[in-house]
Amino acid sequence: MVGWPGMSETTREPDARQLATEARDRVRFEEDALALSDQVYRVARHLVGSREEAEDLMQETYARAFRSWRSFTPGTNLRAWLLRILTNLNIDRGRKQQRTPDTQPLEEGDYFLYNKLEASGDGASDEERVVERLSQNDVVAALSEVPHDFRDVVVLVDVGDFTYADAAQILDIPIGTVMSRLHRGRRILKQAMAESAVGGEE
Amino acid sequence: MMTAYDPCAHCEEMMQPYMDRVITDLERAEAEAHLDGCTYCRKRYRFEEKLRQFVRQAVHEPMAVGLKTKLAELRTPLL
């Protein structure tokens, strides 16, 4: 009878039952991770600038996840675990850590975009019709203009639906930083949307 | 210097915590009391909700089928 870990050098033959269990756990992990790939991609796509980069990053992420599947604790949030690998790889790939907060212009308040769109329209102020003044391209372009540090948080929370706590863990930053970056990031995003939708400063 | 309390400015500041549901019951009740009586803020809160839905949909770009296959091929082969 071989005790855990059971694969020590003194073991003459690997315990077949244990190997079977491990293979089963691994296959299950791989299936779970693959089932989440659409959701992971949804976030990944906007953490980088292009589809190609996102696809490369996804492959690196899954290759690493499949290699280190044993370090995942079953029952915890696998999607967050995968995105933690992905964001780390993204930073390792040489993404410049931007240190912009001091040089960013002071952004407008939370009502800015609505005010801007309402003022530019035909007088209709119904929220739905005001939103319709934005195009899909306005949003995608505006998101890519948000500096990385802020964008990561906005994408994780607003596109990936992660909680503040998950985003903090994924990015390895304090929750207070998540909240402040999210707030500023959303404001910068709205400002960029306003500019692409109704033009810059008059 | 004295600044007059501006309930709409306060409401604007509360928008993120309100939308993200990270405020106390009391703060929520206060915000809702203001929103009930203030068309200006109510429109902007509703707009924010619509905007978030719109952003979520607008940025959605489905993953290429080919990528899914490539990811599946990265699995450890079974012996």
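Is Arg21(B) buried or exposed, and how many other C-beta atoms lie within 10 Å? Arg21(B) is exposed, with 7 of them. The views below come from a predicted model, in which local features need pLDDT of at least 70, side-chain atom pairs count only at pLDDT 80 or more, and totals for chains, interfaces and linings use all residues. Residues are numbered from 1 along each chain as its sequence is written, while chains are lettered from A and ligands numbered from 1 in the order in which they are written.

**View 1. Arg21(B) and helix H2 of chain B.** Arg21(B) sits in the loop between helix H1 (7-19) and helix H2 (25-37) of chain B. Helices are DSSP runs of H or I with at least four residues, strands are E runs of at least two, and both are numbered from the N terminus. Arg21(B) is not a glycine, yet its phi is positive, about 55°. Burial means 20 or more other C-beta atoms within 10 Å of a residue's own; 12 or fewer means exposed, and in between means partly exposed, with C-beta atoms placed from the backbone. The end C-alpha atoms of H2(B) are 19 Å apart, which agrees with the 18 Å that its 13 residues should span at 1.5 Å a residue. The expected span is 1.5 Å times one less than the number of residues.

**View 2. Chain A overall.** Chain A has 10 helices and zero strands. Buried residues make up 34% of its 202 residues. Of contacts in chain A between residues at least 6 apart in sequence, 70% join residues at least 24 apart. A contact requires C-beta atoms, placed from the backbone, within 7 Å. Mean pLDDT (the predictor's confidence in each residue, from 0 to 100) is 86 for chain A, and 84% of its residues reach 70 or more. Over residues 97-102 of chain A, pLDDT stays under 50, and the model has five contacts beyond four places in sequence for this stretch. Where pLDDT is low, the predicted coordinates should not be read in detail.

**View 3. Helix H10 of chain A and His183(A).** H10(A) covers residues 175-198 and reaches 34 Å from first C-alpha to last, close to the 34 Å expected. His183(A) is found in H10(A). It counts as buried, with 20 C-beta neighbours inside 10 Å. Gly109(A) is 74 residues from His183(A) in sequence, but their C-alpha atoms are 9.9 Å apart.

**View 4. H8(A) crossing H10(A).** The two axes come within 8 Å and cross at roughly 95°. Axes are lines fitted to C-alpha atoms, for helices over the stretch in contact, and angles run from 0 to 180 degrees between N-to-C directions. H8(A) is therefore roughly perpendicular to H10(A), a label for 65 to 115 degrees; under 35 is roughly parallel, over 145 roughly antiparallel and the rest oblique. Residues of H8(A) in this contact include Phe150(A) and Val154(A); those of H10(A) include Leu182(A) and Ile188(A).

**View 5. Asp161(A) in its loop.** Asp161(A) lies between H8 and helix H9 (164-171) of chain A. Its phi is positive, about 60°, although it is not a glycine. Asp161(A) is partly exposed, with 13 other C-beta atoms within 10 Å.

Methods: Two residues are in contact if their C-beta atoms, placed from the backbone, lie within 7 Å.
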